[in-house]
Every structure is written in structure tokens, then in C-alpha cells.
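Student: I would like to learn how to read pockets and helices. Can we work through an example?

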Amino acid sequence: MNKTALITGATSGIGQATALKAAEAGFDIIITGRRAERLAKLAEEIRAKGVEVLPLHFDVRQPQEVQNAIDSLSGKWRNIDVLVNNAGLAVGVSPIQEGILDDWERMIDTNVKGLLYMTRAVAPLMIARNGGHIVNLASIAGKEVYPGGNVYCATKHAVDALSKAMRTDMLKHHIKVTNIAPGMVETEFSIVRYKGDETAAKNVYKGMTPLTNEDIADTILFAITRPAHVCLNDIVIMPTVQANSRDVYRQ
């Protein structure tokens, strides 16, 4: 019987790439997202790879929607082996004293609270089966801070801390917890951060070769296919031309 992976924020970027790669590796897939059309299209792509897929259309920021979605699972779909907490975003680059409250709320609600709501709903299913694997998408922004990063960095520092805390809480239940901390990855991330300004988004990656969605998906797949006795706790992955959150070599 195939293992089952649930991936949040699967309608684009790293989540979408991870869903496709996990399907290719033989996982049955539960995909979640807020964009119903994209979710349906991805479900068809996954089915074409010969595995089963269950799309769940809800917003991770809404605790009741999260709980209702997980409660609606029946049969084999309740046997979630892997939870990938991928849904997340950055909005704005204002210094803290000029911060826009709505931007702050969106980042905190998605990156921290959404991750918590999903984990709270899924972890008991894993505990009942005495095993599982939770993968949290953090960032180099969860290890360091940089100008204009303030609240986004704070949310990813929270993810980093939660990964450590979850690992401690889940230890006796044989549940692995992996924290993934990428550097610069070219996705919709910067377009969202710059609120649709594609020129500003492209300038982030100007003169350098960033990581791709597939690079991170490959890393996640490697982590979730290790033997039962092996857990990759914390993975920092950077483009070759990036040393840390601020030092990037550009041609």
C-alpha cells in the first residue's frame, strides 16, 4: 500500500513541485490550497502519474476550515504518513516603523497559525498510528534577519522554534520532524512580496542563479524517504552564489 503525503499550499511553487515529485515516488497525495481551479488541474496531473489524489479546498488561516477538512477524511486518507507544512508567504518590505498591519496579519496567520492549525489537526492521526513525518518549510529568514524582513523573519524564526519543539513533543510517538530552510528560491514568492510588481520581483534574482521549486522538492523527497531510524532534523539549502541572507554574488 502506498504511503500518503498531505501537502499544504500545493497550488504553486514548492508545494506543487513537492506534490508532483512525491507522486512520482509512489505516494498517494492529499493537496490543499485556496485556488480551486489550480487545485483541480494539479489533481489531474497527479492522477496521470498513476497514484491516488484527494484535493481539499480550504484556507489554512481558518481553524474551523482546517478541522472540518481533516475531519472529513475517511478510510485510507486518514492514514497520513507525511505532512508538509508548506503554505506560507512574505508580504511587503517596509521597515518596522512603516509596517502595514494587514501585511503582518497575513504573514502571521499563514506562516505561524496556519502551520499550527494543520499540525494540531493531523498530529493526533499520526500519534494513533505511532508514526509519521512532519516537514515544516522555514527559511534562511528563520536563522537570520535582514533589512525589511522584520515580521517575515519573525514568523520563520517561529517555524524554526516550533520544529524543535514538535520534535521534542513527538519523540515518544516515533514522529519525525524536519525543518527545511531555503535561501533564494525563484517562485511566486517575490511577486507576492512586492504585491504584483513583477519588475521588482525579477530584480531580486538579477545576475544570479537561484534555487528552483524542484530543488527544494527534491530535498523534501530525500528527507521523507529515509529509513525509519533516520531523521534529517534541519536542512539549510542555498544557491551556490548565496552565503547567507545578505551576501549574494551577482554577475
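Student: What volume does the second largest pocket have?

Tutor: Some background comes before the number. This is a predicted model, where local features need pLDDT of at least 70, side-chain atom pairs count only at pLDDT 80 or more, and totals for chains, interfaces and linings use all residues. Residues are numbered from 1 along each chain as its sequence is written, and side-chain values use heavy atoms, with hydrogens and water left out. Rolling a probe the size of a water molecule over the atoms shows where empty space is left. A pocket is an open set of points on a 1 Å grid over the protein atoms alone, where a 1.4 Å probe fits, with protein on both sides within 12 Å along at least five of seven lines. The second largest pocket has a volume of about 220 Å³, counted as the space filled by probe spheres set on the points, which are joined across faces, edges and corners.

Student: Which residues line the second largest pocket?

Tutor: Lining residues have an atom within 4 Å of a point. Among them here are Lys3, Asp81, His133 and Arg226.

Student: How much space lies in the largest pocket?

Tutor: About 1,300 Å³. Of its 48 lining residues, the closest to the centre are Leu89, Ala90, Tyr152, Thr187 and Phe189. Helix α6 gives the most to this lining, with four residues.

Student: Which residues of α2 are buried?

Tutor: Buried means under 20% relative accessible area, and exposed over 50% (1.4 Å probe, protein chains only). In α2, the buried ones are Leu39, Leu42, Ala43 and Ile46. The face turned away from them carries exposed Glu37, Lys41 and Glu44.

Definitions and conventions:
Helices (H or I, at least four residues) and strands (E, at least two) are DSSP runs, numbered from the N terminus.
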